[in-house]
Amino acid sequence: MKYDFIIVGAGVAGVYAAYEFMVKKPGSKILMIEKGRSIYERKCPVNEHKIAKCPIFDGVSGCKPSCSITNGFGGAGAFSDGKFNITTEYGGWLTDYLDPDLVLELINYVDTINLEYGAPKEITNPYAMHVLDIERRAIGAGLKLLRSQVRHLGTENNLKIQAKIYESLKDNVEMIFNHEVTDVLVEDNKVKGVYVNEKFYESDNVLLSVGRDGSKWLEEICKKNNIKLKNNQVDIGVRVETNDIVMSEINKYLYEGKFIYRTSVGTTVRTFCSNPSGYVVIENHSGTMLANGHAYASDKLKSRNTNFALLVSHEFSDPFDIPNEYAHQVSKLANELSCGSIIIQRYGDIIKGRRSTQKRIDEGFVRPTLKEAVPGDLGLVLPYNTMKSIIEMIEALDHVTPGIANEHTLFYGVEAKFYSARPEVDSNFESKVQGLYFGGDGAGLTRGLAQASANGVWVARKIIEKLEK
């Protein structure tokens, strides 16, 4: 069978591309191939069986065929806390290719789909008087506040929305799970289809939306087909956890405060993925264990802590061109020092230049929500400029939300965000190989749910236009 459209990767870029294609061109032959599991089968053994650490560090190969937190229908975003940011100020680089008003229109379009499938109606107002007061304090501390309407879906609601969309797709889109695309066939500079091991699936239109975990594979496909790549930055930092009361004003009026800061060493630090009353979690990125966080919408599932990431952007000059590998090595060092987990350290111990012990963690005023984290010294892991940048950022934030820089605040490390070397594409996100499109975070085009979803919708629309000519 020859398909009208093949989608590699069932993250949100792929899911909303499939949804748009199904709605706008009913009866089309659409195939989605995903190396992870279906939405109903995605279960993490750490959470499911309350084991101390990922099985991969106990001499076991880990989840088959891939980590259920980062892979499967809905992608890594399905297990996030589901912040849908309606803005073009952050969340990706789609405005490098499309008019900002068009990008915002696409994001709002996806938002209406989510509302149709059960997203909460509550949304933040980034121009409320209290927000202006927060912004004033931020400017005084050298911080820039990025504005956005935020619709917090919540981890449980996010999964429910993706499950409902899956139900809509399953009778109209052929979906293959637990199988990884091994190659893309290109002839005469035109895409012909994809291989799953020895089996071939034919199509003149292929979208590679493989997510961050598939970024290395995507780079190999690009190099094989002479598609130019531009290396993006890599972000390395920590996940911060404190008591809800410290973050109460930002949590109430912004839900997520997006701040950026220029440090004395020339780096840029940003806050990312804030989770009020949330939980710190571990993610397995192809064997590299990283800190992350999520939060539930239900009051019954809330903690008493807020967590968020502090990420330092690292850009490298020639001849170094493997920033993702650099971040993996830094993160793996933390894994080795914690015997397969991640490190937790009190801010007070960081300032005093000493490692945290279990006794010091237990005596602190912030109770860790990630019990399997191992007390240690992040100073043995993070490069000097990275650690100095994080300290400067947390001290600046203390002027906006007093108490965040107290000695009991917890740092989990390492948290890193891997971005693929961005393939060269046009405004339709089509590469020089005719019919081969790219989308989502794994392609270095987006950074979050909203723009990744919008990216998928736009690709679907452009392919439909091409087919109808």
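The axes of helix α1 (residues 12–24) and helix α3 (residues 100–116) come within 12 Å and cross at roughly 85 degrees. The two helices are therefore roughly perpendicular to each other. This is a predicted model: local features need pLDDT of at least 70, side-chain atom pairs count only at pLDDT 80 or more, and totals for chains, interfaces and linings use all residues. Residues are numbered from 1 along each chain as its sequence is written, and side-chain values use heavy atoms, leaving out hydrogens and water.

**Terms for helices and strands**

- Helices (H or I, at least four residues) and strands (E, at least two) are DSSP runs, numbered from the N terminus.
- Axes are lines fitted to C-alpha atoms, for helices over the stretch in contact, and angles run from 0 to 180 degrees between N-to-C directions.
- Angles under 35 degrees count as roughly parallel, over 145 as roughly antiparallel, 65 to 115 as roughly perpendicular and the rest as oblique.

**Helix α3 and its partners**

- On the α1 side, the contact (heavy atoms within 4.5 Å) uses Y16, Y19, E20 and K24.
- On the α3 side, Y109, V110, I113, N114 and E116 take part.
- The residues of this α1–α3 contact divide into five nonpolar, one polar and three charged.
- For these classes, Ala, Val, Leu, Ile, Met, Phe, Trp, Tyr, Cys and Pro count as nonpolar, Asp, Glu, Lys and Arg as charged, and the others, Gly among them, as polar.
- Helix α12 (residues 449–468) also meets α3: their axes come within 9 Å and cross at roughly 100 degrees.
- α3 and α12 are therefore roughly perpendicular to each other.
- From α3, the residues L102, V103, L106, I107, Y109 and V110 meet α12.
- From α12, the residues A450, Q451, S453, A454, V457, W458 and R461 meet α3.
- The α3–α12 contact has ten nonpolar, two polar and one charged residues.

**The five-stranded sheet**

- An open sheet has five strands in the order β7-β3-β2-β11-β23, and the pairing is parallel.
- Two strands pair if DSSP finds at least two bridges between them.
- β7 (174–176) and β23 (436–438) are the edge strands, and each pairs on one side only.
- Neighbouring strands of this sheet are turned by 20 degrees against each other on average, direction ignored.
- Strand β2 (residues 5–8) and strand β3 (residues 30–33) run parallel and are joined by four bridges.
- I7 stands opposite M32 in β3.
- Helix α1 lies across β2, β3 and β11 (206–208), and runs at about 170 degrees to β3.
- Helix α6 packs on the sheet too, touching β2, β11 and β23.
- The direction of α6 makes about 130 degrees with that of β11.

**Helix α6**

- Helix α6 spans residues 215–224, and its buried residues include S215, W217, L218, E219, I221 and C222.
- Buried means under 20% relative accessible area, exposed over 50%, partly exposed in between (1.4 Å probe, protein chains only).
- N226 follows α6 and has a positive phi, near 55 degrees.

**Other strands**

- An open sheet of four strands has the order β1-β10-β9-β8, with mixed pairing.
- β1 (2–3) and β8 (183–187) stand at its edges, each with a single partner strand, so one side of each is left without a neighbour in the sheet.
- Strand β9 (residues 190–196) pairs with strand β10 (residues 199–203) in the antiparallel sense over four bridges.
- G193 has E202 in β10 as its bridge partner.
- In strand β4 (residues 83–86), K83 and N85 point one way and F84 and I86 the other way, and all are buried.
- β4 pairs with strand β6 (residues 149–152) in the antiparallel sense over four bridges.
- N85 has V150 in β6 as its bridge partner.

**Cysteines**

- The whole structure has zero disulfides.
- A disulfide is a pair of cysteine sulfur atoms within 2.5 Å.
- The sulfur of C273 is 16 Å from the closest cysteine sulfur, in C67, too far for a bond.
- C273 counts as buried, at 9% relative accessibility.
- C339 counts as exposed, at 57% relative accessibility.

**T263**

- T263 is found in the loop between β14 (258–262) and β15 (268–275).
- T263 is buried, with a relative accessible area of 10%.
- T263 touches V269, S389 and E392, not counting residues up to four places away in sequence.
- T263 and Q233 are 30 residues apart in sequence and 17 Å apart in space, C-alpha to C-alpha.
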